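This report is meant for a reader meeting the chain for the first time, and it moves from the overall picture to particular side chains.

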Amino acid sequence: LLIVHGSNDSLVPSRFGQLLYEHATAAKRFVLVDGGTHSTTSWRGAEQYRAALREFFGLGSLVAAPKT
């Protein structure tokens, strides 16, 4: 279970993601993106998100960062 949540999410407060994480019994990871909202967390924490995916799924460097 991989939960990525924004610290400033007013639609679904991060405490709900944290509760889900705390009650999960399977392999799990919780990433809190500082300043992320419900609609900005994916780009605001893009590198955190990619790093968590690589680590969680054991992909190493297979998930490359997009070229800018």
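A residue is called buried here when its relative accessible area is under 20%, exposed when that value is over 50%, and partly exposed in between. The chain averages a pLDDT of 89, and 88% of the residues score at least 70. Among the elements of the chain, helix 1 has the highest mean pLDDT, at 96, while helix 3 has the lowest, at 90. Where pLDDT is low, the predicted coordinates should not be read in detail.

## Overall architecture

The secondary structure of the chain consists of 3 helices and 2 strands, and, read from the N terminus, these elements follow one another in the order β-α-β-α-α. When contacts between residues at least 6 apart in sequence are considered, 51% of them join residues at least 24 apart. The chain exposes about 4,700 Å², of which carbon and sulfur atoms supply 58%.

## Salt bridges

A search of the whole structure finds 3 salt bridges, and the table gives the separation of nitrogen and oxygen for each pair.

| Pair | N to O distance |
|---|---|
| R29 and E55 | 3.3 Å |
| R50 and E47 | 3.2 Å |
| R54 and E47 | 3.0 Å |

Which parts of the chain does the pair of R29 and E55 link? The side chains of R29 and E55 meet in a salt bridge, and this pair links distant parts of the chain, with R29 in strand 2 (residues 29-33) and E55 in helix 3 (residues 46-57), 26 residues apart.

The residues E47, R50 and R54 are linked in a network of salt bridges. Within helix 3, R50 and E47 are 3 residues apart, which means that about one helical turn separates them. How buried or exposed are the members of this network? R50 has a relative accessible area of 18%, and because this is under 20% it counts as buried. R54 is likewise buried, with a relative accessible area of 18%, while E47 is partly exposed, with a relative accessible area of 41%.

## A nonpolar patch on the surface

Turning from charged side chains to nonpolar ones, L11, V12, F16 and L19 form a nonpolar patch on the surface, and together they have about 360 Å² of accessible area. One of these residues, F16, lies in helix 1, which spans residues 14-23. At a relative accessibility of 43%, F16 counts as partly exposed, because that value falls between the 20% limit for buried residues and the 50% limit for exposed ones. As a point of orientation, the C-alpha atoms of F16 and H5 are separated by 9.4 Å, and these two residues are 11 residues apart along the chain.

Notes: Residues numbered from 1 in each chain as written. Predicted model: local features only at pLDDT ≥ 70, side-chain atom pairs only at ≥ 80, totals over all residues. Heavy atoms only, no water. Helix = DSSP H or I, 4+ residues; strand = E, 2+ residues; numbered from the N terminus. Contact = heavy atoms within 4.5 Å. Areas by Shrake-Rupley, 256 points an atom, 1.4 Å probe, with all protein chains shown as cover. Salt bridge = Lys/Arg side-chain N within 4 Å of Asp/Glu carboxyl O. Buried < 20%, exposed > 50% of the residue type's maximum accessible area, 1.4 Å probe, protein only. Patch = residues over 30% accessible without salt bridge, like charges linked within 9 Å, V, L, I, M, F, W, Y side chains within 5 Å. pLDDT = per-residue confidence, 0-100.
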